[in-house]
Every structure is written in structure tokens, then in C-alpha cells.
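Please read them beside the coordinates.

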Amino acid sequence: MKKLSSKTIYYFTQTMTELLKSGVPLQHGLEICGKTKKTSGFRFFSESLLKDIRNGKKFSLALSKYKNDLGAFYLEVVRLGEETNCLPQMMENLTLYLKTFNDVKGKLRQALIYPAFVCLTTVVVALTILFFVFPKISAIFEAFSESSIYIEETIVQIKYSVLFFSGFLIFVLVSTAVLFFLYKTSECFRKKADRVFISLPLIGSFLKSLYTRDFIFVMQLMCPSPLSFTEALKRSTGVIRNREFSKQINFIYEKICRGESIGDSFSHSGIFSDYLVTWISIASATGNLKCVFKQINEYYSKEINESLETFMTLVEPVLILITGVFMFFMIAQFVMPVFSLLGRL
């Protein structure tokens with residue numbers, strides 16, 4: 001099955017929103033999407049969904065084949081739209097969410113391009129020196145090693161440095177690959193990793209804001225529906241990408257079911273800010289959930305943008321500093337000894 005790009009998902013959602021809001025039936029809307037010439041992936045996706053719809057499947061069930069690309073969040077919102085007969089509005093909400101999400105992702109990518117390029121260039125230069133330049137130079141110096149103890153000792157020292165540095169690079173690359181594999185395949189490891197992610201300084205605060213915004217966005221969509229607050233809370237646990245965050249929301253749900261107040265249940269969770277707890281308590285007291293969740297959603301959208309600006313300001317100099325330390329190590333361990341040897345010849 002062909003992987004869907006984020007651009008394809010956004011264009012599809014945006015197009016279906018416009019068609020459904022115009023009164024076009026779902027099946028006919030998918031037929032129109034299948035005839036468009038945006039991308040081959042867009043047409044394939046639309047035609048695949050159309051085939052399932054013609055076979056009697058629900059729209060959400062047809063989309064579930066692409067769960068890895070769309071995510072649980074997308075499927076839950078579509079499912080809610082079907083249950084409440086508000087699919088056009090839910091697709092419109094998804095379009096707005098995807099636009100915001102893609103904007104955040106684009107800003108992060110833009111902030112990391114230059115530092116990533118510098119880091120990659122540094123690593124390539126280091127590997128070139130280690131595995132191509134130094135072996136050729138060392139062969140020249142070894143011809144003179146018998147006439148000078150200093151040259152022989154320096155060559156041995158550089159070789160040890162090469163072995164250590166090569167081993168370190170291999171260890172980092174292998175460890176990164178193993179950790180990524182475990183995160184994708186092991187549910188237990190992913191839970192522990194998600195707990196660590198939201199505990200990290202700076203990054204953890206940004207991720208908390210991001211996951212909180214997702215949670216509030218889903219609750220904002222669910223609470224005006226026939227679902228009760230607790231039912232909406234339970235269903236929201238399945239759409240949060242961070243396992244630890246989802247676990248804490250489930251604990252809140254269980255506390256409310258045992259009779260604890262909504263405000264106390266949220267305040268004892270430890271993952272939500274005082275701002276959110278205060279407004280949730282107000283919502284539970286007044287019953288005006290929709291307006292309160294809208295207010296919280298706007299607040300966290302603004303906070304995410306501010307956190308992103310701070311992150312973009314800090315990440316570039318930090319990565320460049322790390323690269324500078326890396327280059328200093330390379331010069332101290334390899335370049336300076338080589339120039340020293342040249343002076344001894």
C-alpha cells in the first residue's frame with residue numbers, strides 16, 4: 001500500500017470539506033477527487049476509498065486502512081462526524097487542524113535545516129579524514145617511524161584516537177537505530193520513552209503543550225455531541241500520540257467515574273497546567289464546555305507558537321556549538337598531531 005504524504009492528506013481533507021459543505025454526497029465527492037490531477041497518490045487514495053464505499057463500508061472504516069498515515073486522531077474525528085451526522089463540519093475542523101499542524105512541522109523543519117546541514121557536513125568530513133585521509137598519511141609517516149621514537153609514538157596515539165572515534169560513531173549510529181526500532185515495535189519501550197520525552201527540559205514543555213492542544217481540540221469537538229463528558233474523555237485517550245499522556249487522561253477518566261470532581265481529577269494528574277485545570281473546573285461548574293474548550297484551544301495554540309519561536313531561537317546556536325566542540329576535538333586529535341609530525345620530518 002502506497003504511503004500517504006502529509007500534503008496528500010491535507011489536500012484530500014480540504015477538497016472533501018469543500019465538496020461536502022457544498023452538498024455533494026460522500027460517494028460523488030470521492031469520484032470527483034479520483035478524477036482530479038493533483039498527484040497520483042491523491043487519485044489512488046481517493047479511488048481506494050471510493051471502492052470501499054461502493055462495497056458498503058463506512059467512510060471511517062475505509063480510512064482505517066491508512067491508520068499509520070492518518071493517525072488515530074484523524075480517524076476518531078471522522079468517526080465522530082459520522083455518528084453525529086456532522087461530517088462536513090468535522091472535515092472542516094480536520095482541515096484547520098492539519099493546516100496548523102503542518103505549519104508547526106514546517107517551521108521546525110526550517111529551523112533545523114541549516115544546523116542539520118552543518119552537522120552532516122562535519123560528520124562527512126570526519127569520516128573522510130578517519131577512513132581515507134589518515135590511512136594514506138600514516139603510511140608515509142610509518143616509513144620514518146624507525147628513525148624517530150616520537151613519530152612512532154604519535155602515530156600509535158593517533159591510531160588509538162581513530163579507533164576510539166570510529167567506535168564512538170558506530171555506537172551512536174547503532175544505538176540510534178536500535179532505539180528507533182524499539183520505539184516503533186515495543187509498546188513497553190514506547191511508554192517509557194514517551195514518559196521521558198515529556199519530562200525533558202524545554203522540549204518536554206513544548207510536547208506537553210502540543211499534546212494538550214490535541215486533547216482539548218478533540219474534547220471541543222466531542223462535547224457538543226450526544227456523548228457525555230466522561231465518554232468523550234475515554235475516547236480521547238485513543239487519539240493522543242504520547243502513551244504517558246494518554247495513560248494520565250485515562251486515570252482522570254477513572255477518577256471521575258469513581259465520583260471525584262472533574263477539577264480535582266485534572267489537578268491531581270500532574271501533566272496539565274494550572275491554567276487548564278482552572279478553566280476545566282469553570283466548565284464543569286457552568287456546563288458551558290464548548291466555549292471553555294475553545295478558549296483553552298486558542299490559548300494553547302498561541303503557547304505552541306511562542307514555544308516554537310523560543311525553540312527556533314535556541315536550537316541553531318546550540319547545534320552549532322556542539323558542531324564546534326566536535327570540530328575542536330577533530331583538530332586536537334588528528335590535525336594538530338599530523339602538523340606536528342610534518343615538522344619532525
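1. Buried means under 20% relative accessible area, exposed over 50%, and partly exposed in between, with a 1.4 Å probe and protein chains only. On that basis 41% of the 345 residues of the protein chain count as buried.

2. The model is predicted: local features need pLDDT of at least 70, side-chain atom pairs count only at pLDDT 80 or more, and totals for chains, interfaces and linings use all residues. Residues are numbered from 1 along each chain as its sequence is written, and side-chain values use heavy atoms, with hydrogens and water left out.

3. The protein chain has 14 helices and zero strands; helices (H or I, at least four residues) and strands (E, at least two) are DSSP runs, numbered from the N terminus.

4. Helix α9 (residues 203-222) has 20 residues and spans 29 Å from first to last C-alpha, close to the expected 28 Å, which is 1.5 Å times one less than its number of residues. Of these residues, 17 of the 20 are buried, so α9 is largely enclosed by the rest of the structure.

5. How do α8 and α11 cross? The axes of α8 (residues 187-197) and α11 (residues 243-257) come within 7 Å, at roughly 85°, with axes fitted to C-alpha atoms over the stretch in contact and angles running from 0 to 180 degrees between N-to-C directions. That makes α8 roughly perpendicular to α11 (65 to 115 degrees).

6. At this crossing, E187, R190, K191, D194 and R195 of α8 meet R243, E244 and K247 of α11, contact being heavy atoms within 4.5 Å. The contact has eight charged residues (Asp, Glu, Lys and Arg), with no nonpolar and no polar ones.

Note on methods:
Angles under 35 degrees count as roughly parallel, over 145 as roughly antiparallel, 65 to 115 as roughly perpendicular and the rest as oblique.
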